[in-house]
Amino acid sequence: MAKHKGRGWHGRLLAAALGVTAVAAATSVWTAQADTTGGRQPQARASAPANGPAGKVAADIAHASDRGARGVNITIDDGPDPTWTPQVLQLLKDSGVKATFCMVGTQAQAHPDLVKAVVAGGHRLCDHTISHDTAMDHKSEAYQSQQILDAERMITKASGGVRPQYYRAPGGAFTPYSRHLAASRGMRPLGWNVDTKDFEHPGVAAIVATVKSEISNGPTILFHDAGGDRAETLAAMREVLPWLKEQGYTFGFPVR
């Protein structure tokens, strides 16, 4: 999985988050060590409860869809954002599509109304760390723990008690430690098969072409709803979603 580099917005997120993670470091590390029990939960519910992790899940990186071979997973990263997330939610509603929103902890904390709106729309939550540090796989386990567990806490609080069911490392910067830590908290590590590269503003036609040419690689498609102007993303999704339906795909969630 390619790492996204050169994102000034994420650099600012990292700087802003350093204070948050430093304060919570000891608590987060202790929690990571202490809370590792529980059995795997069934997948019937779209959202995990707030009262503790929803049991251990597999620690390998998920790509498959719970809808089988013709299933597609729409995943939306880096929000929530007050300008773009509501528009993405409306588009998904109009299209009858559910998605998985991989949220940055500080963004969720800043916009709890949007986190609740995502949950109310029947979508799933995913932990995308505190500061979107694409080099976190080269950082200490204590740092990785802060990034994952503090974001989990922020997202759960912002949602009103609904826990993230997945963990997506920024830029695919997974480590064995981070994968197993997330899994112990009931968050399945989540990858992607189709990187639309919408973050680079390649143009609507390029985003659409990427999905059409790469969907055969696997079902999980990566879009973004924050970090800049997402007008191209929205326009591309308006073309991509009906095209996928025309090809006989159905929309689901990543396996857990």
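**Exercise 1. How many of the five residues of strand β7 (residues 220-224) are buried?**

Some conventions come before the solution. This is a predicted model, in which local features need pLDDT of at least 70, side-chain atom pairs count only at pLDDT 80 or more, and totals for chains, interfaces and linings use all residues. Residues are numbered from 1 along each chain as its sequence is written, and side-chain values use heavy atoms, with hydrogens and water left out.

Step 1. Helices (H or I, at least four residues) and strands (E, at least two) are DSSP runs, numbered from the N terminus. Buried means under 20% relative accessible area, exposed over 50%, and partly exposed in between (1.4 Å probe, protein chains only).

Step 2. Count. Five of the five residues of β7 are buried, so the strand is mostly covered.

Step 3. Sort the side chains by direction. In a regular strand the side chains alternate between the two faces of the sheet. Thr220, Leu222 and His224 point one way from β7, Ile221 and Phe223 point the other way, and all are buried.

**Exercise 2. Find the strands that pair with β7, and follow the chain from β6 to β7.**

Step 1. Apply the criterion: two strands pair if DSSP finds at least two bridges between them.

Step 2. Take β1. Strands β1 and β7 run parallel and are joined by five bridges. Isoleucine 76 has phenylalanine 223 of β7 as its bridge partner.

Step 3. Take β6 (residues 194-195). Two bridges pair β6 with β7, again in the parallel sense. Here valine 194 has isoleucine 221 of β7 as its bridge partner.

Step 4. From β6 the chain passes through helix α7 (residues 204-214) to β7, a β-α-β crossover that is right-handed (with the strands pointing away from the viewer, the path from the first strand over the helix to the second runs clockwise).

**Exercise 3. Decide which face of helix α2 (residues 85-95) is covered, and by what.**

Step 1. List the buried residues: Thr85, Val88, Leu89, Leu91, Leu92 and Ser95.

Step 2. Look down the axis of α2. The buried residues fall within an arc of 160°, so they line one face of the helix (the arc is that of the directions from the helix axis to the C-beta atoms).

Step 3. Check the other side of α2, where Lys93 and Asp94 are exposed.

Step 4. Name the cover, using contact in the sense of heavy atoms within 4.5 Å. The buried residues of α2 are covered by elements including β1 (71-77), β2 (100-103), α4 (112-120) and α8 (231-246).

Step 5. Read past the end of the helix. Just after α2, glycine 96 has a positive phi of about 70°.

**Exercise 4. Describe the surroundings of histidine 128.**

Step 1. Locate the residue: histidine 128 is in the loop between β3 (124-127) and α5 (141-159).

Step 2. Classify the residue. Histidine 128 has a relative accessible area of 1%, so this residue is buried.

Step 3. List the contacts. Leaving aside neighbours within four places in sequence, histidine 128 touches Asp77, Asp78, Cys102, Met103, Val104, Arg168, Ala169 and Pro170.

Step 4. Pick out the polar atoms. The side chain of histidine 128 makes a polar contact with the side chain of histidine 132 at 3.2 Å (a pair of N or O atoms within 3.5 Å; within protein, one must be able to donate a hydrogen and the other to accept it, and residues adjacent in sequence count only if both atoms are side-chain atoms). A polar atom of the histidine 128 side chain also lies 2.7 Å from the backbone oxygen of arginine 168.
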